[in-house]
Amino acid sequence: MQLSDLCVSVVSIIFKLMSFRIIVLAKQVPDTRNVGKDAMKADGTVNRAALPAIFNPEDLHALEQALRIKDKMPDAEVILLTMGPFRAAEIIRESLYRGADRGYLITDRKFAGSDTLATSYALSLAIKKLAPFHMVISGRQAIDGDTAQVGPQTAEKLSIPQITYAEEIISVDEKTVTVRRRLERGVEVVKCALPVAITVHSSAPICRQRISKLLMKYKHARTVTELQNETKDYTDLYINRPYLMIDEWTADDLSAKPEMLGLSGSPTKVKKIENVVFQHKDSRVITGDDKEIDALMLELIKSHVIG
Amino acid sequence: MNNIFVYCEVTEEGTIADVSLELLSKGKKLAGDLDVKLEAVVIGYNVANLEAQLFPFGVDFIHYADDERLFPYTTLPHASILLNVFSKERPEIAIFGATSIGRDLAPRIASALRCGLTADCTSLEIGDHFENKTQTEYKNLLYQIRPAFGGNIIATIINPETRPQMATVREGVMKKEEFSGSHKGKLKKIDAKAILKDDDFAITIIERHMEKSKIDIKNAQVIISGGYGVGSRENFNLLFDLADVLGAQVGASRAAVDAGFVEHERQIGQTGVTVRPKLYIACGISGAVQHRAGMDQSAQIISINTDIHAPLNHIADFAIIGNVADVIPKMIKYYKKNSK
């Protein structure tokens, strides 16, 4: 047996002995259903503090897919990873309440203003710190950026294959995964060797609700920064129950190169933002009565709008 | 300045996808503005009549990779080949359709090249930019314009420093327009076998069920569209009846699709299809920003709604305040009467 074959065998044995590790990438996003001009700052980036924050919907679908694997493989580990301001720890708690095992928050002023490239760079460093892993699962896109870029860009930086537009993970074993994708004109079922990155579409099953037992267990889970900002002193609690400490990593913890973060690490720049302005047309308001509809259809026919 | 590249998708039928032809049309205009050439990259298997399909759109160079393993699309083989082409040709601008292929491939390429990519652009223009911080003037940049924050904001994005400047654009946003029937360019074959590696084939496609597009809303001249206000699957039959009589297509808002009234293929709006018909009749559609984004370029708009304050009424030429179930049968009756 050649040395290289021996190395491959050793690595695959280690891989099998490791628990099946799934990293779920999620984002806390501003609720973009109601954005006003007070929420935008002068440099073109968003003032997230001004909007209510929610767990990005497609990331919840991704979490559900990860938890379903754990349902079938109880030894699997579901780890939630998120990049954001310290408040983003809230979505880690939401994942713990639903069955995730652990969460990591990467947070640092240096990440502010990151576009998808800078974001995927930071996330890939955090994922490498959590290696070896079997899968990285995220929602297809976030409701604030709507780009669907972070998933594939993170996969590229990890040099792993990607499966996007996933509707359901059909089956998994230690070496491969089979996924059904929902495309514009139909479905495709693909098989891929692990590790792989998967992005989940909104047509996937919705996420399970919080589980009361887990809610009770994890309701005091906090990051160090959150504890520093809170007035209550529960230090004993965190010494006795270390699982309540949510890990926080900074740019330095990731050994991130500063020039690849934040605005300076972002090749896309926002030049201008304009509010969508409603344009009032000179509409003619009519009732639904026979005379008016008759006249309308006649007018449309005469002007050749309809034949 | 180097050239403009469009990644062209291959359909199930072995032709170049409409969205790619739309982008070539826009690409040719941008190439004219910048005085550079238009190049197309096609990666597939046995794509017939490539020159006849693409030269009329003003393509100056076609880069074609042909290999059985390149259709249907999977990420890594296409990415490897495209990266190889881009590293050699160093495009100024690279445009992709914002489809399940483009949105899978473009970010992978942008990450590898560490360049800027803007998704789902609704407009592309050429313009200048002055960066205050560094006091640098940038000329002839690609303005990548797109809605953000749920469609409440229009952002203009630029990539001043990195190349290529990349953008994805949804189908129906740009107009498909031939440049010249007599235009001729060159076809360069890419040596796919030399570029592709075993690692590129990590994904195997086990099954594929693609439906032939029975519904072509995009090109319909008259569209009758229903929203949540239509109320039920049964009530949507009224819209189909009117569509039959007018020779129209039936569309829907996202709310109606999510409620199960009609199939997803009929969805019009930011996450559906963009349409530009001669006449758009909106039935029971309130007119959220995301829906308007997909139809506000219609030549004429009629809105049927019981709510006089529905936002869609404000952009309609005619706002009929009434019940869809009452109004549509009357429209059918009076259309038949007046077209005799």
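In what order do the six strands of the open sheet stand, and is the pairing parallel or antiparallel? Select the strands S14(A), S16(B), S15(B), S14(B), S12(B) and S13(B) in this predicted model. They form the open sheet in the order S14(A)-S16(B)-S15(B)-S14(B)-S12(B)-S13(B), and the pairing is parallel. Strand S14 (284–287) of chain A and strand S13 (249–252) of chain B stand at the edges; each has a single partner strand, so one side of each is left without a neighbour in the sheet. From one strand to the next the twist averages 20°.

Select residues 222–226 of chain B, which are strand S12, together with S13(B). The two pair in the parallel sense over four bridges. B:Ser225 stands opposite B:Gly251, and the bridge partner of B:Ile224 is B:Val250.

S12(B), H6(B) and S13(B) make a right-handed β-α-β unit.

Now keep S13(B) alone and colour its residues by face. In a regular strand the side chains alternate between the two faces of the sheet. In S13(B), B:Gln249 and B:Gly251 lie on one side and B:Val250 and B:Ala252 on the other. Both faces are covered, and all four of these residues are buried.

**A loop residue**

Select B:Val273, in the loop between helix H7 (254–258) and S14 of chain B. Is B:Val273 buried or exposed? B:Val273 has 21 other C-beta atoms within 10 Å, and the cut-off for a buried residue is 20 or more, so B:Val273 counts as buried. Leaving out residues up to four places away in sequence, B:Val273 touches B:Gly172, B:Ile217, B:Lys218, B:Gln267, B:Ile268 and B:Gly294. Draw the C-alpha to C-alpha distance from B:Val273 to B:Lys218: it is 6.8 Å, for residues 55 apart in sequence.

**Helix H1 of chain B**

Move to residues 18–34 of chain B, helix H1. At 1.5 Å a residue, its 17 residues should span 24 Å, and the end C-alpha atoms are 24 Å apart, which agrees. Among the buried residues of H1(B) are B:Val19, B:Leu23, B:Lys26 and B:Ala31. Show what covers the buried residues: this includes strand S1 (4–8), strand S2 (38–44), helix H2 (50–54), strand S4 (93–97), strand S6 (123–131) and strand S9 (165–169) of chain B. Directly after the helix comes B:Asp35, whose phi is positive, near 60°.

**Between the chains**

Display both chains. Here 72 residues of chain B are in contact with 62 residues of chain A. Elements of chain B that each supply at least two residues to this side include helix H3 (75–89), helix H4 (102–113), strand S11 (203–210) and helix H10 (324–338). S11(B) gives the largest share, eight residues. By class, the side of chain B that touches chain A has 35 nonpolar, 24 polar and 13 charged residues.

Zoom in on S11(B) and strand S9 (residues 186–193) of chain A. Seven bridges join these strands, which run antiparallel.

**Chain A as a whole**

Finally, hide chain B. Chain A has nine helices and 14 strands, and 44% of its 307 residues count as buried. Of the contacts in chain A with a separation of 6 or more, 70% are between residues 24 or more positions apart.

Key: Residues are numbered from 1 along each chain as its sequence is written. Chains are lettered from A and ligands numbered from 1 in the order in which they are written. This is a predicted model: local features need pLDDT of at least 70, side-chain atom pairs count only at pLDDT 80 or more; totals for chains, interfaces and linings use all residues. Two residues are in contact if their C-beta atoms, placed from the backbone, lie within 7 Å. Ala, Val, Leu, Ile, Met, Phe, Trp, Tyr, Cys and Pro count as nonpolar, Asp, Glu, Lys and Arg as charged, and the others, Gly among them, as polar. Two strands pair if DSSP finds at least two bridges between them. A residue is buried if 20 or more other C-beta atoms lie within 10 Å of its own, exposed if 12 or fewer, and partly exposed in between; C-beta atoms are placed from the backbone. Axes are lines fitted to C-alpha atoms, for helices over the stretch in contact, and angles run from 0 to 180 degrees between N-to-C directions. The expected span of a helix is 1.5 Å times one less than its number of residues. A crossover is right-handed if, with the strands pointing away from the viewer, the path from the first strand over the helix to the second runs clockwise.
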